[in-house]
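Welcome! Here is a short briefing to read alongside the model, taken topic by topic.

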Amino acid sequence: MSIPPIENPLVLFGVWFDEARESETADHNAVSIATVDTDGMPNVRIVLLKDYDEQGFVFYTNLESTKGTEILQAGKCAMCFHWKSRQRQVRIRGTIELVTDEQADEYFASRPRQSRIGAWASQQSRPMNGRRDLLAAVAKFGVKYAVGAIPRPGYWSGMRLKPLLIEFWQAGDFRLHHRVEYRRDVDGSSWARSMLYP
């Protein structure tokens, strides 16, 4: 199966994303996020994509976590989707901007109540003496926010990866895979499409 000659990579991504939703057994929106620290040492972990459009790809995190601090320091990161059921991969590289407070508030309010309490309780990526420390913090904030709305912590927000490069990979017979790369033009208004050797 080859990659169709669609000019806009966001349109092609939407087709593949919808197809992955149908065939992946869990978390079709799981995506690896790659960052680098101040020494240039790489890090990678998996998050869940929560939204995407022509402006970019949105996920949410603790801004004070290792992931959050590395992304904010560098101002960029990379993503990689892998949908084994479809034998497909999508790689994305670009710059980062924070979503608006209104967008972050809206998404935070949509999360399960215990997840919102967990966002307050977890000092993400920092050392703890034992799990009881986390459970004690969950209990503390559970009491604090036992009634009424749970506000979004100031250190918790969404990040939008604004793509500069998107590469689509489709498995081929005998490892003669299909690869198509889209690079955003200098003015950011259009995409240049090219095929790559596998």
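Asp-173 sits in the loop that runs between E7 and E8; helices (H or I, at least four residues) and strands (E, at least two) are DSSP runs, numbered from the N terminus. This is a predicted model, in which local features need pLDDT of at least 70, side-chain atom pairs count only at pLDDT 80 or more, and totals for chains, interfaces and linings use all residues. Residues are numbered from 1 along each chain as its sequence is written, and side-chain values use heavy atoms, with hydrogens and water left out.

- With a relative accessible area of 62%, Asp-173 is exposed; buried means under 20% relative accessible area, exposed over 50%, and partly exposed in between (1.4 Å probe, protein chains only).
- Asp-173 and Met-1 are 172 residues apart along the chain, and their C-alpha atoms are separated by 9.3 Å.
- Phe-174 also belongs to the loop between E7 and strand E8 (178-184).
- Phe-174 is not a glycine, yet its phi is positive, near 60°.
- Phe-174 counts as exposed because its relative accessibility is 78%.

**The chain as a whole**

- The protein chain holds five helices and nine strands.
- Read from the N terminus on, the elements follow the order α-β-β-β-β-α-β-β-α-α-α-β-β-β.
- A box of roughly 55 × 35 × 30 Å, taken along the principal axes, is filled by the C-alpha atoms of the chain.
- The chain has 198 residues, and buried ones make up 38% of them.
- Of the contacts (heavy atoms within 4.5 Å) between residues at least 6 apart in sequence, 62% join residues at least 24 apart.

**Arg-88, a buried charged residue**

- Arg-88 is found in strand E6 (residues 88-98).
- Arg-88 counts as buried because its relative accessible area is 5%.
- The side chains of Arg-88 and Gln-170 are joined by a polar contact of 2.7 Å. Such a contact is a pair of N or O atoms within 3.5 Å; within protein, one must be able to donate a hydrogen and the other to accept it, and residues adjacent in sequence count only if both atoms are side-chain atoms.
- Leaving aside residues up to four places away in sequence, Arg-88 touches Met-1, Trp-16, Glu-19, Phe-81, His-82, Trp-83, Trp-169 and Gln-170.

- Arg-116, Ile-117, Ala-119, Trp-120 and Ala-121 are the buried residues of H4.
- Helix H3 (101-110), H5 and E7 are among the parts that cover these buried residues.
- Ser-125 lies in the loop between H4 and helix H5 (131-144).
- Although Ser-125 is not a glycine, it has a positive phi of about 80°.
- At 47% relative accessibility, Ser-125 is partly exposed.

**Two cysteines without a disulfide**

- A disulfide is a covalent bond between the sulfur atoms of two cysteines.
- Here the rule is a pair of cysteine sulfur atoms within 2.5 Å, and by this rule the count is zero.
- Cys-77 is buried, at 7% relative accessibility, while Cys-80 is partly exposed, with a relative accessible area of 23%.

**The largest pocket**

- The volume of the largest pocket is about 300 Å³.
- Of the 15 residues that line the largest pocket, Tyr-60, Thr-61, Arg-111, Gln-124 and Trp-156 are the closest to its centre.
- Strand E2 (42-48), strand E4 (56-62) and helix H4 (113-121) each give two or more residues to this lining.
- A pocket here is found on a 1 Å grid over the protein atoms alone, as an open set of points where a 1.4 Å probe fits, with protein on both sides within 12 Å along at least five of seven lines; lining residues have an atom within 4 Å of a point. Grid points are joined across faces, edges and corners, and a volume is the space filled by probe spheres set on the points.
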